[in-house]
Amino acid sequence: REWESMERSVENLQGQNEEREQNNDRKKIVHLNVGGVYYSTTIDTLTREESMLSAMFSGRHELATDAKGRVFIDRDGEMFRYILNYLRNGTLPPFSETYRPEEYQILSEEVRFYAIKGLFENIQQQNTWKFAKAHPSLSISSDGLSIKNKTDEKAAYVFALCEPAINLEASDPVYFEINKMKLPIGSTAAIGIVNTTVSVDITNSGGWSRSNAGIGIYLNSGNFFRLGKKLGTVKPMPEKRSDTKFGVLISRGYLYFMCNGSPLVHEKISLDMNEKNYQFTVILTGGCSTTITN
């Protein structure tokens with residue numbers, strides 16, 4: 001018995017030593033080289049959430065190192081700081097006060113590689129265009145991604161603003177797209193932008209085509225307008241609306257109307273670079289509906 005008691009004491013001591021060694025390993029500082037950008041962190045941080053990183057630093061794998069002995073990861077080094085901050089703090093720091101959808105897209109690709117579920121869900125919530133304000137006869141879905149006209153009235157042009165607002169300097173290029181368009185015979189749908197410095201009355205049935213609020217194109221007729229003046233007409237829109245994606249691309253101070261990835265209007269439509277902030281808009285008449293593509 002005395003011997004068995006001594007053996008149990010030794011086993012307990014060994015277990016405590018192993019646990020202490022594991023804790024020391026988790027606190028061990030690790031130096032990383034991610035795509036040429038250097039970071040220092042701990043095993044504990046890198047394994048805090050189940051992911052590709054937690055598997056890499058589990059001790060079961062041989063990791064590539066650079067000439068200085070830093071663990072090398074051949075991924076985007078600039079984006080990795082957001083991933084590391086999430087693992088340290090549990091939150092996604094904002095890129096800036098201005099929305100930059102192209103950065104969120106790049107980060108989404110990196111997070112998919114590292115397989116960090118919590119961070120991916122966080123990004124998806126932030127990287128989303130939404131219908132924010134609408135005429136009373138328009139119904140916006142609870143997630144803000146779909147909109148439809150609740151009335152059968154064909155004549156009234158009623159319109160909705162989408163958020164977040166675009167800053168041409170910080171968000172160039174930027175793209176907005178809608179699909180699953182339902183357009184009953186005799187109805188009208190349109191897509192465009194308005195300057196946020198202009199006071200836009202969403203209850204004004206004239207929309208932007210009859211005012212000085214912005215630039216837009218009518219999807220059924222192909223007529224496009226700028227500041228209340230008709231600029232021209234393009235070929236008729238495709239008949240099968242549900243599989244057609246209409247978009248507005250803003251790049252280098254110019255606006256392009258797109259259909260399934262190709263320009264609808266080939267001439268450049270210049271934007272006023274002195275007026276930097278814009279919002280996407282959608283106009284629907286009776287029976288129409290559409291969904292934002294994110």
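Analyst: Start with aromatic rings. Rings of Phe, Tyr and Trp (its six-membered ring) pair if their centres lie within 6.5 Å; planes under 30 degrees apart count as stacked, over 60 as edge-to-face and the rest as tilted. Here, ring pairs link Y39, F80, F113 and Y114 into a cluster. This is a predicted model, where local features need pLDDT of at least 70 and side-chain atom pairs pLDDT 80 or more, while totals for chains, interfaces and linings use all residues. Residues are numbered from 1 along each chain as its sequence is written, and side-chain values use heavy atoms, with hydrogens and water left out.

User: How many aromatic pairs does a search of the whole structure find?

Analyst: Seven. One of them joins Y218 and F225. Their centres are 5.7 Å apart, with 85° between the planes, so by the angle rule the pair is edge-to-face. Y218 and F225 are both buried (under 20% relative accessible area; exposed is over 50%, partly exposed in between; 1.4 Å probe, protein chains only).

User: What does the secondary structure of the protein come to?

Analyst: Helices (H or I, at least four residues) and strands (E, at least two) are DSSP runs, numbered from the N terminus. This protein has six helices and 19 strands. Buried residues make up 45% of its 294 residues. Contact means heavy atoms within 4.5 Å. Among contacts between residues at least 6 apart in sequence, 64% join residues at least 24 apart.

User: Which residues are buried in helix 4, and what caps its N-terminal end?

Analyst: Compare a helix with its expected span, 1.5 Å times one less than its number of residues. Helix 4 (residues 77–89) has 13 residues. From first C-alpha to last, helix 4 reaches 19 Å, close to the 18 Å expected. Its buried residues are G77, M79, F80, Y82, I83, L84, Y86 and L87. F80 is also part of the ring cluster. D76 is the cap: one of its side-chain oxygens lies 3.0 Å from the backbone nitrogen of E78. After helix 4 comes G90, with a positive phi near 80°.

User: Which residues touch the most other members of the largest nonpolar core?

Analyst: In soluble globular proteins, nonpolar side chains tend to be buried together. A nonpolar core is a set of buried Ala, Val, Leu, Ile, Met, Phe, Trp, Tyr and Cys residues joined through side-chain atoms within 4.5 Å. The largest one here has 38 residues, and F176, I193, I217, F257 and F280 touch the most other members. At least two core residues come from each of several strands, including strand 9 (174–182), strand 10 (189–195) and strand 18. Apart from this core lies another, of 24 residues, with L46, M56, V71 and L119 among them. F280 touches W129, Y175, F176, I193 and V248, among others, not counting residues up to four places away in sequence.

User: Is Q279 buried or exposed, and where is it found?

Analyst: Q279 is in strand 18 (residues 277–284). It is buried because its relative accessibility is 13%. A polar atom of its side chain lies 3.3 Å from the backbone oxygen of C162. Beyond four places in sequence, Q279 touches residues including A165, I166, V194 and T196.

User: What does A165 touch?

Analyst: Not counting residues up to four places away in sequence, A165 touches T196, Y278 and Q279. A165 and Y278 are 113 residues apart in sequence, yet 5.7 Å apart in space, C-alpha to C-alpha. A165 sits in the loop between strand 7 (158–163) and strand 8 (166–167). A165 counts as partly exposed because its relative accessibility is 35%.

Definitions and conventions
A polar contact is a pair of N or O atoms within 3.5 Å; within protein, one must be able to donate a hydrogen and the other to accept it, and residues adjacent in sequence count only if both atoms are side-chain atoms.
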